[in-house]
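Open the model in your viewer and keep the selection tool at hand. This tour goes stop by stop.

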Amino acid sequence: MENTSPQKTETAARGAEGREQLSIVIVGHVDHGKSTIIGRLLADAGALPEGKLEDLRERCRKSAKPFEYAFLLDALKNEQTQGITIDTARCFFKTARRDYIINDAPGHIEFLKNMVTGAARAEAALLVIDAREGVQQNSRRHGYMVSMLGIRQVSVVVNKLDLMDYSEQAFEAIRSEYAEFLARLGVETVSFIPVSARNGVNIASRSDETPWYRGPTVLEQIESFVKPAAPTDLPLRMPVQDIYRFTEHDDDRRIVAGMVQTGSLAKGDEAIFQPSGKCSTIARIEGFNSSEQTQAIAGQATGVTLTTQIYIKPGELMCRADQRQPRIGTQLRANLFWMGKSPMVVGRPYRLRIGAARVQVNLAAILNVLDASELSTVQGKGQVDRHDVAECVLETVRPIAFDLHNEIETNGRFVIVDNYEISGCGVILEQVEARTSMLHEHVIRREFAWDKGNVDRGERQARFNHKGRFIVFTGPTGNARHELAKRLEQHLFRKHCNTYYLGIGNVFEDLDADEPTRSVSRDEHVQQLGDLARIMTDAGLLLITTLAGVDDYDLERLKLLNEPNQLFIVNVGENIFSHFPVDVQLPDGADTRDAINVVIRELNTREVLLDYCI
Ligand code: GTP
Ligand code: MG
């Protein structure tokens with residue numbers, strides 16, 4: 001048996017160029033017969049390699065094990081014959097009409113994780129219910145998840161009808177109960193199919209056992225699912241995954257790379273990156289392993305170069321200036337499905353992922369909690385427990401660019417990471433106008449609790465001959481700000497200033513990578529630094545530090561945390577801010593002495609240094 005990697009298998013299974021491919025997810029309570037249905041489908045649709053079924057029957061007979069269609073999935077694992085491939089949770093097969101990927105979710109939590117992380121996709125769903133066991137709590141949960149994920153085509157397969165003597169009443173009872181439940185969720189079912197996967201009834205062919213049934217077989221149903229049109233008509237949303245730089249021959253072009261989620265973009269379009277609001281025009285659309293393109297549309301991975309060099313970071317959302325913009329804010333009302341081991345609680349930091357953005361988020365309020373199986377609501381709950389669905393308000397520490405789930409589904413969906421694990425996922429219902437932010441509240445509490453000494457600011461200024469300031473050297477990563485900052489400290493110190501160089505820039509450079517592999521996130525770090533600066537500048541210090549790759553929002557937070565004292569920004573190299581004012585702009589590679597003089601002069605002009613001569 002050939003051993004292939006999942007990637008290889010997938011590519012191979014994508015099938016001939018140009019063939020339509022449909023992703024279907026099959027969900028159902030444990031043992032309700034998902035694997036048997038898939039096995040039967042492969043066998044009865046004639047998709048199995050020659051002799052495979054007989055081999056398997058023979059092997060079962062030899063080992064005195066009763067034959068099961070579900071075994072086919074294991075037997076076919078890693079095999080690539082006649083277009084069927086199966087890996088851990090997916091099965092690829094072809095019919096004359098098109099190619100299929102069937103995701104067999106091991107459990108509903110896994111399923112949900114796979115779906116929300118993008119590991120799996122589904123354009124249609126088969127919900128399996130065991131006719132004898134009927135609608136279970138999990139069956140309701142699955143229905144809820146399907147609705148939350150916005151899967152529009154759902155067929156309910158009522159399996160094991162042989163155990164109910166193919167009774168129409170048994171089938172109808174389940175149909176009416178579950179249809180009513182799904183209708184309340186707003187899920188439209190395209191069909192309810194009575195089957196016996198074990199006996200092959202209504203899987204690929206109709207049977208005399210169910211003369212009362214006139215609807216499609218499972219195979220007919222999947223063949224008639226409609227492939228949703230790529231959402232090219234919606235406004236452009238392209239999360240920026242990475243920025244690649246050309247380094248050869250002094251070429252400083254950058255390719256902004258990502259996957260076009262919705263809409264389309266063309267050469268000459270004006271692009272806006274959100275939430276920074278930076279703009280430029282698309283100069284070229286680069287094809288991967290192909291020549292330049294004139295357009296890229298939803299579903300394509302692409303890279304573009306811009307006519308002007310603007311500094312943007314991965315995590316931004318590329319939009320088009322001539323189209324509706326995403327919402328930008330820090331507070332949102334959402335429906336959240338929690339699957340974390342520990343409950344989600346107010347006041348603990350989590351990480352939110354939306355598009356390519358990753359940001360610290362807090363649970364600001366729980367509005368009500370929904371029991372996913374009964375659809376009843378519980379009010380006044382203080383935490384979101386595992387498997388709860390909560391309507392809540394979330395607050396991010398910096399603005400994010402998002403859409404509402406009912407406007408642009410892909411950009412209205414997020415994931416929450418707790419302790420390195422995906423612990424929750426949800427859909428955005430509404431933007432909430434921020435009355436006050438958590439950071440404001442933190443500052444108010446901090447100032448309120450602060451018992452100040454008897455020496456006032458004026459006395460300190462008179463003693464030191466300067467004001468307290470937080471001097472921050474910024475700029476894109478990787479330039480020589482540290483040396484400048486240290487020299488400034490030395491220079492000021494020798495002039496009897498009360499100054500200190502805080503060398504934590506390297507920590508920040510590291511934190512730029514941003515993945516939650518560190519104990520302290522970048523956002524938490526900004527807060528600690530801001531609190532520290534507030535104390536040091538209050539003590540009358542000229543506190544100097546360097547921060548790599550900070551953006552407008554980082555500086556805004558530092559400013560707020562350091563108030564009423566002020567920041568003094570020295571930017572070295574390219575100005576990467578869209579609106580935060582820079583006090584001194586220095587070219588990269590400036591002479592150190594000249595640079596220090598420029599900074600000192602500005603500190604003089606701003607009356608930070610009083611009666612100071614260079
Ligand atoms: P998990 O993967 O564990 O969630 O189970 P599953 O949903 O894939 O169920 P699977 O296909 O493994 O079937 C579970 C059991 O139900 C097996 O013993 C099957 O033989 C049996 N079964 C499946 N379909 C039918 C059916 O139509 N009739 C009867 N009588 N038994 C069936
Ligand atoms: Mg199974």
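The stops below cover a ligand site and then a pair of helices.

This is a predicted model: local features need pLDDT of at least 70, side-chain atom pairs count only at pLDDT 80 or more, and totals for chains, interfaces and linings use all residues. Residues are numbered from 1 along each chain as its sequence is written, chains are lettered from A and ligands numbered from 1 in the order in which they are written, and side-chain values use heavy atoms, with hydrogens and water left out.

**Ligand 1**

Select ligand 1. Its shell holds 16 residues (a heavy atom within 4 Å of the ligand). The closest are Lys34, Ser35, Thr36, Glu68 and Asp162.

Next, show helix H2, residues 34–44 (helices are DSSP runs of H or I, at least four residues, numbered from the N terminus). H2 gives the most to this shell, with three residues.

Now look for polar contacts (pairs of N or O atoms within 3.5 Å). In the side chain of Glu68, an N or O atom is 2.5 Å from an oxygen atom of ligand 1. For the side chain of Ser196, that distance is 3.3 Å. Ala197 uses a backbone N or O atom, 2.9 Å from a ligand oxygen. On its own, ligand 1 has 650 Å² of accessible area (Shrake-Rupley, 1.4 Å probe), and the protein covers 81% of that.

**Helices H6 and H7**

Select H6, residues 137–148, and H7, residues 168–185. Their axes (lines fitted to C-alpha atoms over the stretch in contact) come within 10 Å and cross at roughly 35°.

Which residues of H6 meet H7? Show Ser139, Arg140, Gly143, Tyr144 and Ser147. They meet Glu177, Tyr178, Phe181, Leu182 and Leu185 in H7 (contact means heavy atoms within 4.5 Å).

Definitions and conventions. Axes are lines fitted to C-alpha atoms, for helices over the stretch in contact, and angles run from 0 to 180 degrees between N-to-C directions. Helices (H or I, at least four residues) and strands (E, at least two) are DSSP runs, numbered from the N terminus. A polar contact is a pair of N or O atoms within 3.5 Å; within protein, one must be able to donate a hydrogen and the other to accept it, and residues adjacent in sequence count only if both atoms are side-chain atoms.
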